[in-house]
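Look at the two chains below and keep the picture at hand while reading. The text goes from the whole assembly down to single residues.

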Protein chains: 2
Amino acid sequence: MKGKLFLIPTPLGENFTIQNINSDVIKTLQGIRFLIAEELKTARRFLKKLDPSCPIDDITFFVLNEHTTPQEFEQYLKVAENGNNVGLLTEAGCPAIADPGSQVVNIAHKNEIKVVPLVGPSSITLALMASGLNGQKFAFWGYLPVKQNERKIKIKQIEKRSKLENQTQIFIETPYRNISLFNDIIAVCEPETQLCIASNITQYDEFILTMKIKKWKLKIPDIHKKPTVFLLLS
Amino acid sequence: MKGKLFLIPTPLGENFTIQNINSDVIKTLQGIRFLIAEELKTARRFLKKLDPSCPIDDITFFVLNEHTTPQEFEQYLKVAENGNNVGLLTEAGCPAIADPGSQVVNIAHKNEIKVVPLVGPSSITLALMASGLNGQKFAFWGYLPVKQNERKIKIKQIEKRSKLENQTQIFIETPYRNISLFNDIIAVCEPETQLCIASNITQYDEFILTMKIKKWKLKIPDIHKKPTVFLLLS
């Protein structure tokens, strides 16, 4: 019997207790001896917080980052071929969504290793639920271009598509550039377009608010350096 | 102080225990006396399963369906204006994502009622994580057209867009039409296009598999009448 690849969501910030974690995540982690992780330090800290008696030294960690090659992923999954379960966890939220990991999942499918996604927080899903915007049709763009002129053009395109297809448009930014992205959005979008800003979701200072652009022009949200999801519907 | 609108995810099928439910969901439901729900019968059954001593008779239920008017939603949210928390739950998964609810959330924002999304299962999110397809860019289409010729045209359009934008395309179907949709997909898509079929997610017979169309032509998945998410990337 081959092992399985478990996809393990992690909390969106420091504000969590073991009770907030799905019991399937806790049970899976208790049994796992092979773990693919984005940052070993935070992975270890997470395991210790869930179970202070966790035998960290018995766990083999595999590093997942932009330099990891398909050959290395194949190597990581060898232990599953040999009957061991393997876990995959990323920095915050769900592996492989706006986060690395899809490549190793894809290789698992090719090698007929069963993939099991576990339930946990996704900032995109939570933001969409709470936005009040269309949840029957939506698109996620990841990061927009960094250069301001290109970014403004992209925002206009995204706004047009949302109108044309009645499709909620979702995107993110590196937290220290949030305000700059916000300023570009209110500069180029139509006054009647709806914008949801969802910041520090699940944390003490969670902020989620949907308003028309014309109203956002009167209010700068406190999102500097805070993980934020932007959602737009024209 | 106004009350808040809590968005409460529910399990994706009958296979769950109270340990599978996020503690914030349990705590929130214990305190709630006003609940907007899609099906009162299943909402009551869910509450009783979480806590057999739950004082169901003390809870005021508001019905959410396609006939509910904005005026009725305003009325439902009056109790939040008066300081009470209100819960919103739908049949399976996250409210307002491929499920009703976004309209009442939108009205909550307009009335400055804080919206709090709780963590729970979303079949779309879980399917995307487990697909191994692009999780940095994706779009959800909801249901495709019912008429076969229109549906085939739509599938072709969706496949084209996935190629043009490297965007994973996600859609669903009424479970008794799954096989018919599957047949249309393998009939019109390119042999090299990747298709993920994710069925009965989180349940005992969970089935998640990504393969190229040319391989799916050799295998009819057992998805008849099972809730299934389809994901495609060309």
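What follows describes how the two chains are related, how they meet, and what some of their parts look like.

This is a predicted model.

Next comes the interface. In it, 42 residues of chain A are in contact with 42 residues of chain B. On the side of chain A that touches chain B, two or more residues come from each of these elements of chain A: α1 (23-31), α4 (102-110), β5 (115-117), α5 (123-131), β6 (138-143) and β9 (207-212). Sorted by class, this side of chain A has 23 nonpolar, 17 polar and 2 charged residues.

One of these elements, β6(A), pairs with strand β6 (residues 138-143) of chain B in the antiparallel sense, over 3 bridges. Within this pairing, Phe138(A) has Phe140(B) as its bridge partner in β6(B). β6(A) also has a partner in its own chain: 4 bridges join β6(A) to strand β7 (residues 168-172) of chain A, and these two run parallel. There the bridge partner of Ala139(A) in β7(A) is Gln169(A).

These pairings belong to an open sheet of 10 strands, in the order β9(A)-β8(A)-β10(A)-β7(A)-β6(A)-β6(B)-β7(B)-β10(B)-β8(B)-β9(B), with mixed pairing. What stands at the edges of the sheet? They are β9 of chain A and β9 (207-212) of chain B; each has a single partner strand, so one side of each is left without a neighbour in the sheet. From one strand to the next, the twist averages 15°.

Each chain can also be looked at by itself. The domain assignment divides chain A into domain 1 (5-117) and domain 2 (123-233). The C-alpha centres of these two domains of chain A lie 30 Å apart. Their contact takes 6 residues from domain 1 of chain A and 9 residues from domain 2 of chain A. The side of domain 1 that touches domain 2 in chain A has 3 nonpolar, 3 polar and no charged residues.

In chain B, consider strand β1 (residues 5-8). Leu5(B) and Leu7(B) point one way from this strand, Phe6(B) and Ile8(B) point the other way, and all are buried. β1(B) pairs in the parallel sense with strand β4 (residues 86-89) of chain B over 4 bridges, and Leu5(B) stands opposite Val86(B) in β4(B). A further 3 bridges join β1(B) to strand β5 (residues 115-117) of chain B, again running parallel. In β5(B), Val116(B) is the bridge partner of Phe6(B).

A last detail concerns the backbone. Most residues other than glycine have a negative phi. Ala96(A) is not a glycine, yet has a positive phi of about 75°. Ala96(A) lies in the loop between β4 (86-89) and α4 of chain A. Is Ala96(A) buried or exposed? Ala96(A) is buried, because 27 other C-beta atoms lie within 10 Å, and 20 or more are enough to count as buried. In chain B, Ala96(B) also has a positive phi, near 75°.

Conventions: Residues are numbered from 1 along each chain as its sequence is written. Chains are lettered from A and ligands numbered from 1 in the order in which they are written. This is a predicted model: local features need pLDDT of at least 70, side-chain atom pairs count only at pLDDT 80 or more; totals for chains, interfaces and linings use all residues. Two residues are in contact if their C-beta atoms, placed from the backbone, lie within 7 Å. Ala, Val, Leu, Ile, Met, Phe, Trp, Tyr, Cys and Pro count as nonpolar, Asp, Glu, Lys and Arg as charged, and the others, Gly among them, as polar. Two strands pair if DSSP finds at least two bridges between them. Axes are lines fitted to C-alpha atoms, for helices over the stretch in contact, and angles run from 0 to 180 degrees between N-to-C directions. Domain bounds come from an automatic or database domain assignment. A residue is buried if 20 or more other C-beta atoms lie within 10 Å of its own, exposed if 12 or fewer, and partly exposed in between; C-beta atoms are placed from the backbone.
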